[in-house]
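Okay, everyone, thanks for coming. Have a look at the model on the screen, and I'll walk you through a few spots in it.

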Amino acid sequence: MAELPPRNSITLHGMRIDRVTMEGALAYVASFIASGKPHHIVTADASMVMTYREDKDFAAIVEQAELITPDGAGIIWASKRLGIPITAKVSGVDLSAKLVELSGKNGWRIFFFGGAPGVAEAAAQKMRERFPDANICGIRDGYYKADEEDAVAEQIAATKPDILLVAMGIPRQEKFIQRQKVRVGAKVYIGVGGTLDVFSGTVKRAPVWMQKSGLEWLYRISSNPNAARLKKLAALPRFALLTLKKS
C-alpha cells in the first residue's frame, strides 16, 4: 500500500480544507478501503463553504470528514488571496472518474446513487464504455420518499459497495451519508453533486480551457441554469466578498 501523504490543512472562512493532490486523494481512498471502516470524503467548493457557515448540522458533518479536498476555482483563488495557498484542485467529477477507472484493477465495488430517474443508469453505461473493466456494482436514482430512506440504504447495502458516490446536492447528500453510512456498510462515501449528470452526458463538461481557467462553474450554470445551480451561483459573490474583506 502506498504511504499516505502527511495531513496538511488550511482553515478557510472557518472550514478545514486539506491540501491534497489527486495522487494523494487516491492513496487515502486505498487506505480507507483497506481499513474496512467507513470514511467520508468531502469535495469542497465555494458554495459548500458558505453552507458550512450557515448550517450547523452540515458543519458538524463536514468537521468529522476524514478528507476534505479542494474542489473549485473559488477555493484556489481564496486560499491564494489569503496567503494560505492551495495549488492543486481535486474535484468530485475528476476523483470519481479516477475511482471508476481504477475500480476493476483494484477490485473496488462502486455504487452510483442519485440524480433523476435514468441518470445513474446512463452514467454507469457511459463509464463502462469508457472503462470496460469498471466495477460498478449498482445504481439507484435519488428520488424517494423520506420514510423510504432506510429501505433504500438497505438496497444499496445488499450490493456490498466499497465506495458509494452520492449525487444529491449539498447538503442533502452529506446528511444522507451521515445518517446511513453504518447501515450501508461501505468504506468510502463521497458526495459528488452533479457528477452523474456529467458522466451520463445529461450535462456536458466545460471545454478544457474553461476547466483550466477556473470557469467550469460558469459553463455549467449557463448550459443548464436550474434552481440548484442558480442557488450555488448566488453564494459565489458572498464568498468572494468575505474573502476580500479578510485579505
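His13 sits in the loop between strand S1 (9-12) and S2. His13 is buried, with a relative accessible area of 4%. Buried here is under 20% relative accessible area, exposed is over 50%, and partly exposed is in between, using a 1.4 Å probe and protein chains only. His13 also has a phi near 55 degrees, a positive value in a residue other than glycine. Why point that out? Because most residues other than glycine have a negative phi, and most peptide bonds are trans.

Before I go on, some ground rules: this is a predicted model, where local features need pLDDT of at least 70 and side-chain atom pairs count only at pLDDT 80 or more, while totals for chains, interfaces and linings use all residues. Residues are numbered from 1 along each chain as its sequence is written, and side-chain values use heavy atoms, with hydrogens and water left out.

Now on to Lys160, with a phi near 55 degrees too, again positive and again not a glycine. Lys160 is in the loop between helix H7 (149-157) and S7. Is Lys160 buried or exposed? It counts as exposed, at 63% relative accessibility. And for the peptide bonds, look at Ile170 and Pro171: a cis bond joins them, with omega about 0 degrees. Pro171 is in the loop between strand S7 (163-167) and H8.

Let's zoom out for a second. The protein chain has 12 helices and eight strands. Of its 247 residues, 50% count as buried.

You'll find Thr21 in the loop between S2 and helix H1 (22-35), and it is partly exposed, with a relative accessible area of 40%. Leaving out residues up to four places away in sequence, Thr21 touches Ala88 and Val90. The C-alpha atoms of Thr21 and Ile86 are separated by 9.8 Å, and those two are 65 residues apart along the chain.

Next, the rings. How many aromatic pairs does a search of the whole structure find? Four. Rings of Phe, Tyr and Trp (its six-membered ring) pair if their centres lie within 6.5 Å; planes under 30 degrees apart are stacked, over 60 edge-to-face, and the rest tilted. One of the pairs is Phe112 with Phe199, which is tilted, at 6.1 Å centre to centre and 45 degrees between the planes. That pair links distant parts of the chain, with Phe112 in strand S5 (residues 110-114) and Phe199 in helix H9 (residues 195-200), 87 residues apart. Phe112 counts as buried at 0% relative accessibility, and Phe199 is buried at 7%.

Then there's Phe113 with Phe176, also tilted, at 5.0 Å centre to centre and 55 degrees between the planes. Here strand S5 holds Phe113 and helix H8 (residues 172-184) holds Phe176, 63 residues apart. Both of these residues are buried. Ring pairs also link Phe113, Tyr144 and Phe176 into a cluster.

Last stop, H3. Its buried residues are Phe58, Ala59, Ile61 and Val62. Seen down the axis of H3, they fall within an arc of 160 degrees, so they line one face of the helix; the arc is that of the directions from the helix axis to the C-beta atoms. These buried residues pack against strand S2 (15-18), strand S3 (39-44), H2, strand S4 (67-70) and H8. The face turned away from that buried side carries the exposed residues Lys56, Asp57 and Glu63.

What about H2 and H3 together? Their axes come within 6 Å and cross at roughly 115 degrees, with H2 covering residues 46-54 and H3 residues 56-63. Those axes are lines fitted to C-alpha atoms, for helices over the stretch in contact, and angles run from 0 to 180 degrees between N-to-C directions. On the H2 side you have Met48, Thr51, Tyr52 and Glu54, meeting Lys56, Phe58, Ala59, Val62 and Glu63 in H3.

Conventions. Helix = DSSP H or I, 4+ residues; strand = E, 2+ residues; numbered from the N terminus. Contact = heavy atoms within 4.5 Å.
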